[in-house]
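Keep the 3D view open while you read.

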Amino acid sequence: LVLVPPYHRKCVSFGDHIYTIKNYIRNIRIFPPTGSVPIELIVYSITCSDMKDHVLYVSGGVNQGPNTLDWGSDDTICYGSSNKVLLYKTKTERIIGSSPPHHNERITSVRWVRPEPSNGPTLISTSSDKKAIVWTVSAQEINGLLLLKPLAVLDHSKAVQIADASVIQYRGEENVYVVTVTIDGLHFWLVSPETGEFESCSSYKSSSFILSVRFFMIDKARWPGVAYGGHDGRIHILTAEEPGVYVAKAALSGHQDWLTGLDVMKEDSGSLMVASGSKDGFVRLWKFSIEDKEQNDQEEYINKDELQMKSLIVCMPSAKDTVHVKITMEAVLMGHEGLVSQVQWAPREVNGNESHQPLRLLTCSKTQDRALIMWEPEGEEGEGEGIWVEVARLGEVGGNMEGFYCCQFSPDMSQILGVSYLGGIHLWNNEMGVGYKPAVVIGGHFAEVVDIAWDTAGRYLLSASRDQTTRLHGPWIHQDSSVTWHEVGRPQVHGYDMACIAALKNLQFASGAEEKVIRAFTAPANFIKNFGQICKYDVSSDLESCNIGEGAAVPSLGLSNKAIHKEEVDESQESQDVIYFHSLQLTSPPTEDQLMQNTLWAEVAKLYGHGNELFTMGATADGEILATACRAQAEADASIIIWDTLSWTHLAQLKSHRLTVTQLAFSPNKKHLLSVSRDRTWAIFTQEDLPESGITYKLEDSSRVKSTMHSRIIWSCAWLPDSSRFATASRDKSVRIWKQEEKEWMKEAQLNKDNEITAIAVRSVPSTDSEGEEVFIALGLVNGEIHIHKYNYKTCTFFEEFLQLSHVHHKTVRRLQFKPSAADDSNSHPVVLASCGDDKAVHLYNIYF
């Protein structure tokens, strides 16, 4: 019997037979063949028969590191994002797959198994949680994404840094042969691709801190050899008599600093080419060729006065005679100004039964030059007799980019990819006669996403992250009318970690960071035009009301986005002055470099009044009133400030809580403001009109007695559509519905969960027979799961069945937001739910009912 982990419904497998479970399960009884007492398994009710989900969009940046992304032979890219593995195809321009929650800490490397095992695409990931996991990929999408299935979980005693994997025949069976690296050295594993059974072969203690490792296979050799490099600047060569039982054979010297990158390629002649990159800024090429005549291990030098090695003979065990491999250093490539973070050989070209290995190398640096360089030998292609020269240099000039951690060729070499220090993916297409041109890619935050907010009209989604950026996600309408969501703007690049965000009217938003100032932004004309062209929205009215300028840029040593007018752009072009904004005409989402410099929004207001760092904010549905709160350890700092966003003036300062206010929510009719706090209380403020001072709010009710308080922190709150009820979600694992009765707010219902609840969102159920008596309540949990319940007004009860979303966050859910209701909402139009979490991800789900 095989069951998926708790809370993950899919199927039950008995041997080779899989039985899909459609209805929710109460329990399963298993009767062993002996007829003894049955084993009873409790499986929680986690499906709702009239609802289903489909992933519309997933975003997430690449983890920092030279081995956190790999481009497979089937054109699928795998990369580590926080503690999960994502699959991405440049042709479909979206995330196509995701791993389930198995890693607990940051992923340190990912790599496809080459050659591919007979059971299909397989990859290996390593993590700081002391695990390496071998994954297979599902053949079909499940609710919008391919699912990575754990084939084997390899446990270690220390954090696993990198890994490599190949396929060998051992004991008459196919095995995935894995090498993993920890601070203790190298560890070797054999994994069955059919059953997932694995065994630990052996370990090899290294005297150096290992930074890169690769298997290599010499023709006629019995087992793969291992090449690794580390802080001593040398390439260490290991050979084996049996799998995992390795001995040191040689150490190739030449680099003067840490050896940071290593890759191996087999030439058409059968010889191997090894490329190594170092912190000294040089790339060295080494050739491994088979010697026909038997020789003893020896080194040859150019002369006695030089330390440079000319050749070295290494013996490798074979099925018959020992294979003698001659190693020579072929070339030293000088082009980078600093640390070479990765080296990558071009993939083998396959044409029917014939194949050809191009002599082409890609290298990248994450230091001063911020460049990817493609190298080829001079002379006729395939001969490799000429001097290696630089044939293309890609990257960024100016701006605020830090350089590249990864570089990759596409399988057909028509595209080149680089991963920046900030987790962004850069992609270039090779256009005949033109050269390499930037292309559309997916993107995402590279740190925890703390807040999201829908545009008041539901046209786009804003997200704020601890990576010090706010990003705008919108639907790209293709020429064939298909839709994919992309990051289409990066309105704010800040100097402080972001804490909260709220969407306002007329393409405006306000954000708060770990500073005491609330900043308000508005979209410039160039962004509005491009947004309309990419997402196919009518933005004529937005352009008419736009008076902020053509674009925006951040001055040197500044934090505020300064508006740039068209006259300034024209003058800078004539005078050749440096200006960071350039007007763009786009019909597709901007590239990573364009996002960083040319999609900023202009800052229109700074709001002062809080004494500590901002923590949360909320706005009315029309975006005309804004409420903000900051971190607080005393009642004096826990006040809420109300702002008028039309005039950017202070309306009121409200007091009720003693500790930090964790979330603020205005009722749909704008009459009430709800606040919840770390002090376990909620408070209701009601709007009143004063002839002298205009709109203000005053305290109406709060949970000051024990019977109305949660037992732990209240993390989130939301209003129900009728504005006479609200919901609170707490660390005490409960959700409570509160209803106004006369002048008091009383508890109407309570739902208890099995985990802490960190986010909540509410939306009406469109066009059903319930006559407005039912609502969707989405709950985000501390373990990353998202559950959607139905609640009935009339009976004051939650439905017993609920929907657990299939593809969840891998860390705490921080915020949930349903897309604002539209006039055409019906059963034919799914409800859209947005979520964000500590796993760097922003998700969009279609909820069908």
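Some ground rules. This is a predicted model, where local features need pLDDT of at least 70 and side-chain atom pairs count only at pLDDT 80 or more, while totals for chains, interfaces and linings use all residues. Residues are numbered from 1 along each chain as its sequence is written, and side-chain values use heavy atoms, with hydrogens and water left out. Strands are DSSP runs of E with at least two residues, helices are runs of H or I with at least four, and both are numbered from the N terminus. Two strands pair if DSSP finds at least two bridges between them.

**Two open sheets**

Strands of a sheet pair through backbone hydrogen bonds, either parallel or antiparallel.

Another open sheet has four strands, in the order β29-β32-β33-β34, with antiparallel pairing. Its edge strands, β29 (340-345) and β34 (388-395), each pair on one side only. The twist averages 20° from one strand to the next.

| Strands | Bridges | Facing residues |
|---|---|---|
| β11 and β12 | five | Ser 109 and Thr 126 |
| β32 and β33 | four | Cys 364 and Leu 372 |
| β66 and β67 | five | Gln 817 and Ala 834 |
| β67 and β68 | six | Cys 836 and Val 842 |

**An enclosed strand**

How many residues of strand β67 (residues 831-837) are buried? Seven of the seven are, so the strand is largely enclosed by the rest of the structure. Buried means under 20% relative accessible area, exposed over 50%, and partly exposed in between (1.4 Å probe, protein chains only). Val 831, Leu 833, Ser 835 and Gly 837 point one way from β67, while Val 832, Ala 834 and Cys 836 point the other way. In the hairpin of β67 and β68, four residues sit between the strands, and Lys 840 takes a positive phi near 75°.

**The largest cavity**

The structure holds five cavities of 30 Å³ or more. A cavity is a set of points, on a 1 Å grid over the protein atoms alone, where a 1.4 Å probe fits but cannot get out; lining residues have an atom within 4 Å of a point. Grid points are joined across faces, edges and corners, and a volume is the space filled by probe spheres set on the points.

The largest cavity has about 130 Å³ of space. Its lining has 17 residues, and Asn 67, Val 110, Arg 111, Ala 163 and Arg 214 lie nearest the centre. β7, β11, β15, β19 and β29 each supply at least two lining residues, and β19 gives the largest share, four residues. By type, the lining divides into eight nonpolar, six polar and three charged residues. Nonpolar covers Ala, Val, Leu, Ile, Met, Phe, Trp, Tyr, Cys and Pro, charged covers Asp, Glu, Lys and Arg, and the others, Gly among them, are polar.

Most residues other than glycine have a negative phi, and most peptide bonds are trans. Arg 171 has a positive phi near 55°, lies in the loop between β15 and β16, and is exposed at 60% relative accessible area. Asn 506 also has a positive phi, about 55°; the residue lies in the loop between β43 and β44 and is partly exposed at 49%.

The loop between β11 and β12 holds Pro 115, and the peptide bond from Arg 114 to Pro 115 is cis, with omega near -5°. Gly 120 lies in the loop between β11 and β12 too, and is buried with a relative accessible area of 11%. The C-alpha atoms of Gly 120 and Thr 136 are separated by 7.2 Å, with the two residues 16 apart along the chain.

Notes. Axes fitted to C-alpha atoms, helices over the stretch in contact; angles between N-to-C directions. 1 Å grid on protein atoms, 1.4 Å probe; cavity = no way out; pocket = protein on both sides within 12 Å on 5 of 7 lines; lining within 4 Å.
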